[in-house]
Amino acid sequence: MDNLYERTLLFDFYGELLTPHRKTVYEMVVMEDRSLSEVAEECGISRQGVHDLVKRINKQLVDYEDKLHLVGRFLDMKNKVSRIASLTDNEEIKRLAEEILEEL
């Protein structure tokens with residue numbers, strides 16, 4: 001899985017479990033692709049502090065996934081629904097599978 005895609009999924013699933021400060025810093029660095037220097041200046045911490053914080057947040061998000069497996073289950077379900085849609089000739093089932101994929 002692509003690193004940015006993986007980080008985004010983990011944040012989507014577990015971001016609300018982070019403190020507001022950690023959530024803000026992570027959004028700025030990962031989602032907005034801002035430089036460590038920009039984030040450090042805006043948050044009033046050192047560039048190294050931002051780097052270390054993002055590294056700790058990544059580990060925290062991976063730890064959540066290791067315990068809860070929500071992202072893994074989501075991806076598994078998405079793959080199974082895609083397989084169902086590709087294996088059937090029934091147009092109604094294909095339509096329903098596509099609707100489910102859109103909602104996921």
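Visitor: Where do aspartate 76 and lysine 80 lie, and how many residues apart are they?

Guide: Both aspartate 76 and lysine 80 belong to helix α5, four residues apart, or about one turn of the helix. Helices here are DSSP runs of H or I with at least four residues, strands being runs of E with at least two, and both are numbered from the N terminus. Please bear in mind that this is a predicted model, in which local features need pLDDT of at least 70 and side-chain atom pairs count only at pLDDT 80 or more, whereas totals for chains, interfaces and linings use all residues. Residues are numbered from 1 along each chain as its sequence is written, and side-chain values use heavy atoms, with hydrogens and water left out.

Visitor: What do the side chains of aspartate 76 and lysine 80 do?

Guide: They meet in a salt bridge, at 3.1 Å from N to O, the term meaning a side-chain nitrogen of Lys or Arg within 4 Å of a carboxyl oxygen of Asp or Glu. Aspartate 76 is partly exposed at 37% relative accessibility, and lysine 80 is partly exposed at 44%. For these classes, buried means under 20% relative accessible area, exposed over 50%, and partly exposed in between, with a 1.4 Å probe and protein chains only.

Visitor: How many salt bridges in the whole structure, then?

Guide: A search of the whole structure finds six. Among them is the pair of lysine 59 and aspartate 63, whose closest N and O atoms are 3.0 Å apart; these two residues lie in helix α4, again four residues apart. Lysine 59 is exposed at 54% relative accessibility, while aspartate 63, at 27%, is partly exposed. Glutamate 16, exposed at 65%, meets lysine 23 at 2.4 Å, N to O.

Visitor: Back to α5: which residues are buried, and which are exposed?

Guide: Val71, Phe74, Leu75, Val81 and Ala85 are the buried residues of α5. They sit on the same side of the helix because they cover an arc of only 125° around its axis, the arc being that of the directions from the helix axis to the C-beta atoms. On the other side, Arg73, Asn79, Arg83 and Leu87 are exposed.

Visitor: What covers that buried set?

Guide: The cover includes α1 (3–14), α4 (47–68) and α6 (91–103), where contact means heavy atoms within 4.5 Å.
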